[in-house]
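Please open the model in a viewer and keep the selection tool at hand. The stops below are to be taken in order.

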Amino acid sequence: MEKICEKSFDEERSLYGAKDIILENCRFDGPKDGESALKEASDFKLVNCYLNLRYPLWHSNNFSMDSSMMTEGCRAAIWYSNDIFIKSSKMNGIKALRECNHAVITDTIIDSPEFGWKSKNISLEKSSVTSEYAFLECENLRLNNVLFKGKYSFQYVKNLEIDDSNLDTKDAFWHADNVVVRNSVVKGEYLGWYSTNLTFINCKIIGTQPLCYCKGLKLIDCEMIDTDLSFEYSEVKATIKGNILSVKNPTSGYIKASSIDEIILENSKYPLNCKIEVDE
């Protein structure tokens, strides 16, 4: 592979269609303010590079980025690309990843509104994500040891696994399908409404009005903190360690908890056949 070191690129499509190159200590920045620097490129590496121009990695394939910086000015950085490996980097700028396939991101700090939309086969580990509207309509998504902060996350996702993570997010997992969350903290409001086959295992769930209108919902050995009006019109199988503030009109299955402050079974629009048990 050709190695290019300590060069600056600021022209439009400066490395368009490039192949078999290593870019080390390079800068994509400058007065010409050119877009799409590595569009249609393939089989390349970015090492300790600085990216401050728009749309640098569109329709790019089989590339890696190591110890590099995408600034806030690097908008819509990686779109329609495949076979991506990113580590020890910073990804800033709105819409940093979209409609990509097969990406592994590790040890990376992400601060990007609308991150990851409509992507498939994404693995994210040992990283932090700040995003207002992350992972919309993603499929085959895997998160491990991730610190997430934002809103409206994981909506309409399919086939998602999360382990050992901390999520601070409202309206998460709406309309999600086939999701498993293990050994994690999930804090927010209106968690998981309208989801199908959403499972929490050994998790701590915090916040108001969680898990309503769900189908195939499971909670296994979880805690629920400050969770009022839980499970409205949901098909649920739940074993809860500790207290639930209130449960309202679950439709089927069972809920087993150490204690429940209030059980509300009234004014339901649907038949209520859920068995509710408390240890007290």
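Buried means under 20% relative accessible area, exposed over 50%, and partly exposed in between (1.4 Å probe, protein chains only). This is a predicted model, in which local features need pLDDT of at least 70, side-chain atom pairs count only at pLDDT 80 or more, and totals for chains, interfaces and linings use all residues. Residues are numbered from 1 along each chain as its sequence is written, and side-chain values use heavy atoms, with hydrogens and water left out.

Select serine 42 to begin. Serine 42 counts as buried because its relative accessibility is 17%. Serine 42 belongs to strand β5 (residues 42–47); strands (E, at least two residues) are DSSP runs numbered from the N terminus.

Turn next to the aromatic rings. Rings of Phe, Tyr and Trp (its six-membered ring) pair if their centres lie within 6.5 Å; planes under 30 degrees apart count as stacked, over 60 as edge-to-face and the rest as tilted. The count by this rule is 21 aromatic pairs. Select tryptophan 58 and tryptophan 79: their ring centres are 4.8 Å apart and their planes at 5°, so the pair is stacked. The pair links distant parts of the chain, with tryptophan 58 in strand β7 (residues 57–58) and tryptophan 79 in strand β10 (residues 78–79), 21 residues apart. Tryptophan 58 is buried at 18% relative accessible area, and tryptophan 79 is buried at 11%.

Now select tyrosine 213 and tyrosine 233, an edge-to-face pair with 5.5 Å centre to centre and 70° between the planes. Tyrosine 213 is partly exposed at 31%, whereas tyrosine 233 counts as buried at 10%.

Conventions:
Helix = DSSP H or I, 4+ residues; strand = E, 2+ residues; numbered from the N terminus.
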